[in-house]
Amino acid sequence: RHPERRGYTGSTLGCPVLDDCGYFGKYYYTKEVDFKKFKHVDVAGLIYDADFLIDFSHVKGHGACGFGGACKNIAMGCVTDRTRHEIHALEGGLVWDKDKCVHCKKCIEACNHYANSFTDCGHYKVNYHNCTMCQHCAKVCPTGAITLDSHDYTDFQEGMAICTKTVLDTFEPGNTYFINVLTQITALCDCWGMTTPSLVPDIGIMAGEDIVAVERASIDAVKIEDLIPAGIPAGMQLSGHGHLFEQLHGKDPFVQLQKLEKYGLGTEEYELQLVK
């Protein structure tokens, strides 16, 4: 909504900018899915009606899934608020037992990412966008009130893959194309409406008909060896484990690709062709 607030206007882009679900957000087609709390993919009406889809995505880090590219763009951008909320409802990993909690707040003090808090009612709350799954809160809890369950952040990534498949299935084979822009790559998602310095030097553009291959090539091109330290936002630090995005956010970005491949959207194998 309100793309003009981010600078996306007809005059700046050279083409009309439309609300994919209609001005009031009520034009969509519902597809039923069945993955835990995720039950409805409300495909935006203008997306559903289109004959071709050219996905144009900016690559960046993401707090909930480690990496944001074509899959995140489609799963969050081609559907209604209800679908976005259901996918975000899959976020989780930390379980709080209120009967064991003594409200000592050691868990709050141990979090370096300001990802947890207690509500006015005394309930423990986790902001999984900021959470890096470091488990410091669970480790310092003197009563064992906080534990880590089995699914952590991966359900969110699988939900995005299911949503992406559902949207892409509305197009005929060969009628989709994916363009990932790897310039001004930042640690945080564009949805915050702010920016930080680049994490790595500009790389270029990855494009192709296989969304999984394009996403894999994009992630592979972002290397920790090329890190620009000034691009690490204040309060964040590298964990020393995994891909650069995983080191910042604590979520393995390759899980997203494994889920896309699982649902038959392509392959992680690719061959780069240089185009000047």
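A residue counts as exposed when its relative accessible area is over 50%. In this predicted model, Tyr-23 has a relative accessible area of 64% and is therefore exposed. Phe-24 passes the cut-off as well, since its relative accessible area is 67%. Across the whole structure, a search finds seven aromatic pairs. Ring pairs also link Tyr-27, Tyr-29 and Tyr-48 into a cluster.

Three strands make up an open sheet in the order S3-S10-S11, and their pairing is mixed. Strand S3 (53-58) and strand S11 (204-208) stand at the edges; each has a single partner strand, so one side of each is left without a neighbour in the sheet. On average, and with direction ignored, neighbouring strands of this sheet are turned by 15° against each other. Strands of a sheet pair through backbone hydrogen bonds, in either a parallel or an antiparallel manner. Here, strand S10 (residues 176-182) and S11 run antiparallel and are joined by five bridges. Within this pairing, Val-181 has Ile-205 of S11 as its bridge partner.

Two helices lie across strands of the sheet. Helix H3 (residues 70-77) lies across S3 and S10, and runs at about 115° to S3. Helix H8 (residues 211-221), in turn, lies across S10 and S11, running at about 10° to S10.

The largest nonpolar core holds 53 residues, of which Phe-38, Val-41, Ile-74, Met-160, Val-167, Leu-199 and Ile-211 touch the most other members. Two or more residues each come from strand S1 (28-35), strand S2 (38-44), H3, helix H7 (154-168), S10, H8, helix H9 (244-249) and helix H10 (254-262). H7 supplies the largest share of this core, with seven residues. For a closer look at one member, Val-167 touches Val-41, Val-43, Ile-47, Ile-74, Cys-78 and Val-79, when residues up to four places away in sequence are not counted. Another core, of 18 residues, lies apart from the largest one, and includes Cys-107, Cys-111, Ala-145 and Ile-146.

Note on methods. Residues numbered from 1 in each chain as written. Predicted model: local features only at pLDDT ≥ 70, side-chain atom pairs only at ≥ 80, totals over all residues. Heavy atoms only, no water. Pairing = 2+ DSSP bridges. Helix = DSSP H or I, 4+ residues; strand = E, 2+ residues; numbered from the N terminus. Axes fitted to C-alpha atoms, helices over the stretch in contact; angles between N-to-C directions. Contact = heavy atoms within 4.5 Å. Core = buried A, V, L, I, M, F, W, Y, C linked by side-chain atoms within 4.5 Å. Buried < 20%, exposed > 50% of the residue type's maximum accessible area, 1.4 Å probe, protein only. Phe/Tyr/Trp six-rings, centres within 6.5 Å; stacked < 30°, edge-to-face > 60°.
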